[in-house]
Amino acid sequence: MNDGPRQRRVLRLGFVGSLVVIALLGAAQEAFPFFSMTDLVRSAIPLGLPADLWDYYIPRHNPQTASKIELGRRLFFDKRLSLDGSVACATCHDPQLGFADGKSVAEGVAQKRGTRNSPTLLNVLFNPGQFWDGRADSLEDQAVLPLTNPVEMGNPSLETVISRLRSLPEYAVGFR
């Protein structure tokens, strides 16, 4: 495939961004194990929220399925997404701590300390900007930044993360 740099970037952002919603629903299943995956997919719309508003926020090109939610759950808790295998998304966004970490300052790879605490992931789908300072406009934009931040997950590039995932048989099957 001989895609241009812009097309590859759009595909990478779409790939990583799609994982965010999937990961959050998967993490919800971890936090609330009494729900089945089918229940979570079927009841993804929070009580009191109009279906058309929910449809506005969920990408139409990427409808939720039980298998995608399970894939996201695995990714959310997988420390292999970090450069040194020490940090997963759930490290800073622990479901048992309201999808935050309870620390005054977040800690990433090699126990490097950030400058802010980890915000909760609850209801972030509805935030007009992501991170405390709003520097990412969408969850898709947000998902890329921790993976390649030298203090957070420490990967030198998205290509490094994608290559690592491609080398893991369980993910090759899951992404298919």
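**Reading the aromatic rings**

Guide: Let's start with phenylalanine 175, which has a relative accessible area of 31% and so is partly exposed. Partly exposed sits between buried (under 20% relative accessible area) and exposed (over 50%), using a 1.4 Å probe and protein chains only. This is a predicted model, where local features need pLDDT of at least 70, side-chain atom pairs count only at pLDDT 80 or more, and totals for chains, interfaces and linings use all residues. Residues are numbered from 1 along each chain as its sequence is written, and side-chain values use heavy atoms, leaving out hydrogens and water.

Visitor: How many aromatic pairs are there?

Guide: Rings of Phe, Tyr and Trp (its six-membered ring) pair if their centres lie within 6.5 Å; planes under 30 degrees apart are stacked, over 60 edge-to-face, and the rest tilted. That rule gives three aromatic pairs. In one of them, phenylalanine 76 and phenylalanine 77 have ring centres 5.2 Å apart and planes at 75°, so they meet edge-to-face.

Visitor: Is phenylalanine 76 buried or exposed?

Guide: Buried, because its relative accessibility is 3%. Phenylalanine 77, at 28%, is partly exposed.

Visitor: And which ring pairs with phenylalanine 175?

Guide: Tyrosine 171 does, in a tilted pair with 6.3 Å centre to centre and 45° between the planes. Both lie in helix H8 (residues 169-175), four residues apart, about one turn of the helix. A helix here is a DSSP run of H or I, at least four residues, numbered from the N terminus. Tyrosine 171 has 2% relative accessibility, so it counts as buried.

Visitor: Which residues form one aromatic cluster?

Guide: Phe76, Phe77 and Phe99 do.

How values were computed: Helices (H or I, at least four residues) and strands (E, at least two) are DSSP runs, numbered from the N terminus.
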